[in-house]
Amino acid sequence: MDYRPSSARSPRTDAAPSPSPVKIIIAGGFGVGKTTFVGSVSEITPLTTEAAMTAASIGIDDTSAVNGKTTTTVAMDFGRISLLDSVILYLFGTPGQDRFWFMWDELVLGAIGAVVMVDTRRLADSFPAIDYFEERDIPFLIALNQFDGAKRYEVADVRKALDIEPNRPVVMCDARRRESVRQTLVALVRHALDVVAAEKREHDLAGT
């Protein structure tokens, strides 16, 4: 008789598939909350490249609207979060200052989409990031970061002010709260999937 354990006689066929890795970009202007966003949701200790702001940044980095900010991201922030045991999101936060934007083209390679964070007190600071992803046809959504003491606006009003097309998701987000950040990421993944599905339908129709 064969006394080997049953697992040794036949391989397991019900093993769960490995989670799919997905790259997400967290973008926006200087001091908008990208580092906080990544840090509040990451399941690992986030990798940050924050450096102290020194006299060298005077006249270069505008800190007038971000009182108390003493550090700045000089390369990227990196974190990771699992969604539904089937997807692992790798989060890459971009540097916000114009002088570091040469890194963006490298950071976005392979990304399925981006979260563009917006401070409603400084809407103009978000235009460069919005233009960047629109020009490259990379799926993205707008996340309105909720700062203490900042006036609250209706999503429709912000959409109009930013001149965002109707099918572009705009969501409220508190970068300090894990669940709020998680829901923002879920919304982005769904949007990216919708964009891919729409492109496939167009391709199929064009081939008929």
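This is a predicted model: local features need pLDDT of at least 70, side-chain atom pairs count only at pLDDT 80 or more; totals for chains, interfaces and linings use all residues.
1. Let us begin with helix α4, which covers residues 127-135. Its buried residues are Ala 129, Ile 130, Tyr 132 and Phe 133. Looking down the axis of α4, you will find these buried residues within an arc of 160 degrees, so they line one face of the helix.

2. Now to the opening question.

3. Glu 135 and Arg 136 join their side chains in a salt bridge, at 3.7 Å from N to O. Glu 135 is exposed, with 61% relative accessible area, while Arg 136 is partly exposed at 37%. After α4 comes Asp 137, which has a positive phi, near 55 degrees.

4. Salt bridges turn up elsewhere too: a search of the whole structure gives 10 of them. Asp 174 is buried, its relative accessible area being 10%, whereas Arg 177 is exposed at 54%.

5. Please look next at helix α6, residues 178-206. Lys 200 and Asp 204 form a salt bridge there, with 3.0 Å between the closest N and O atoms. Why are these two separated by about one helical turn? Asp 204 and Lys 200 are 4 residues apart in α6, and therefore about one turn lies between them. In general, an α-helix has 3.6 residues a turn, so residues three or four places apart point the same way. Asp 204 is partly exposed, at 37% relative accessible area, and Lys 200 is exposed, at 53%. Elsewhere, salt bridges with shared partners link Asp 119, Arg 121, Arg 122 and Asp 125 into one network.

6. Finally, is Thr 94 buried or exposed? Thr 94 is buried, with a relative accessibility of 0%. You can find Thr 94 in the loop between β5 (87-93) and α3 (104-107). Leaving aside residues up to four places away in sequence, Thr 94 touches Ile 25, Ile 26, Ala 27, Gly 28, Lys 34, Trp 104 and Leu 107.

Technical notes
Residues are numbered from 1 along each chain as its sequence is written. Side-chain values use heavy atoms; hydrogens and water are left out. A salt bridge is a side-chain nitrogen of Lys or Arg within 4 Å of a carboxyl oxygen of Asp or Glu. Buried means under 20% relative accessible area, exposed over 50%, partly exposed in between (1.4 Å probe, protein chains only). Contact means heavy atoms within 4.5 Å. The arc is that of the directions from the helix axis to the C-beta atoms.
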